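Good morning, colleagues. Please look at the sequence and the structure on the screen while I take you through a few of their features.

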Amino acid sequence: MTPSEDFVVTERGGIVENSHRVHAAVVDAKGGLLYALGNPERMTLARSAAKPAQALAILETEGVERFGFDDADIALMCASHSSEERHIARTRTMLSKIKAEEADLRCGGHPSLSESVNRAWIRQDFVPTAVCSNCSGKHVGMLAGARAIGADMEGYHLADHPMQGRVKRTVAELCDLDVRDVEWGIDGCNLPTPAFPLDRLARIYAKLAAAADGGGAGEGLSARGAALARIFHAMAHHPDMVAGEGRYCTALMRAFDGALIGKLGADASYAIGVRASDETRRLGTDGALGISVKIEDGNLEILYAVVTELLERLGIGTPEIRSRLAPFHHPQRANTMGVTTGGVSFPFKLHGSKADGDDPRLAALAR
């Protein structure tokens, strides 16, 4: 089998076992496409990678200030957390700040995204409830937003609720799309989830990173820019709230220490916002970058490997920083006796956005 240029390949004994199609987009702070893989305009359900955009709609209700939410609370609104005790405790505290109850949440309990948490729950015969949902922070945020705009908390999760109307407008504006051009489904946590071209997801994260580069509200940022910057800094400074121990989002943001944020979406979508640096300027932009990735078959292990590979090819971060992500970049293929049985390779090639052929800057990015 000859691997296509937009596939990741897993092999066993030199024999191709699986190939995983990859789509990716790298955009500048204005949304201009710099590099692409597969179809950068693929209509993509962002799933939880859309949470920072949904959190912006909550911040713009002024509910965060009214109910005294801090940056760790904002990070939890953007989270797909592991249901560790700190996540559950913070969810309960956030509920108390808005004088709501767990029964008001319209997300359900489910097994943790962390194997160690699940093992502990099994030993304790613990049945997870709504506060244990990996999306609990977003749901509390939606309740707070509903209260802040004077809407009923009942039905806050429904597409026709005033809070969801605000979310839909905010997401479309961040994508620079008409609200009619964003499609909506229902997410696993029971809230609406948007679909739009993959490069628009990268555009959202480029805007988050650009806002973080812009200073505080008194230094020239608009109110929206200040809110975007706050979301970026909340995630970057509280990566433990965004995912959890051993999870990729937390490991990524810890490794880069404020230089970027990254967020998983279910079924293998991912987005990263990278602040301006010599590294981004070397790629042909004088500002922030946005990166979005979708693995066609929904494989999360392959997703994390691809995201890390893209960071390496783009030269984002030092080799020492990226080495902290090595277990995700090169996942082990071993059998039950610890014998290495195969590996993962990245035959794909990034392409420049110029219509007349590949950008010459890509010489350093190809494999």
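Strands are DSSP runs of E with at least two residues, helices are runs of H or I with at least four, and both are numbered from the N terminus. Two strands pair if DSSP finds at least two bridges between them.

The model is predicted: local features need pLDDT of at least 70 and side-chain atom pairs pLDDT 80 or more, while totals for chains, interfaces and linings use all residues. Residues are numbered from 1 along each chain as its sequence is written, and side-chain values use heavy atoms, without hydrogens and water.

I begin with strand 1 (residues 7-12), which pairs with strand 2 (residues 15-28) in the antiparallel sense over six bridges. The two strands form a hairpin with two residues between them, and Gly13 in the turn has a positive phi of about 60°. Strand 1 also runs antiparallel to strand 11 (residues 340-345), joined by four bridges. Glu11 stands opposite Val16 in strand 2 and opposite Gly343 in strand 11.

I turn now to the aromatic rings. Rings of Phe, Tyr and Trp (its six-membered ring) pair if their centres lie within 6.5 Å; planes under 30 degrees apart count as stacked, over 60 as edge-to-face and the rest as tilted. The structure holds eight aromatic pairs. In one of them, the centres of Tyr248 and Tyr270 are 5.6 Å apart and the planes stand at 75°, so the pair is edge-to-face. Tyr248 belongs to helix 11 (residues 248-256) and Tyr270 to strand 8 (residues 269-274), 22 residues apart. Ring pairs link Tyr248, Tyr270, Tyr304 and Phe328 into a cluster.
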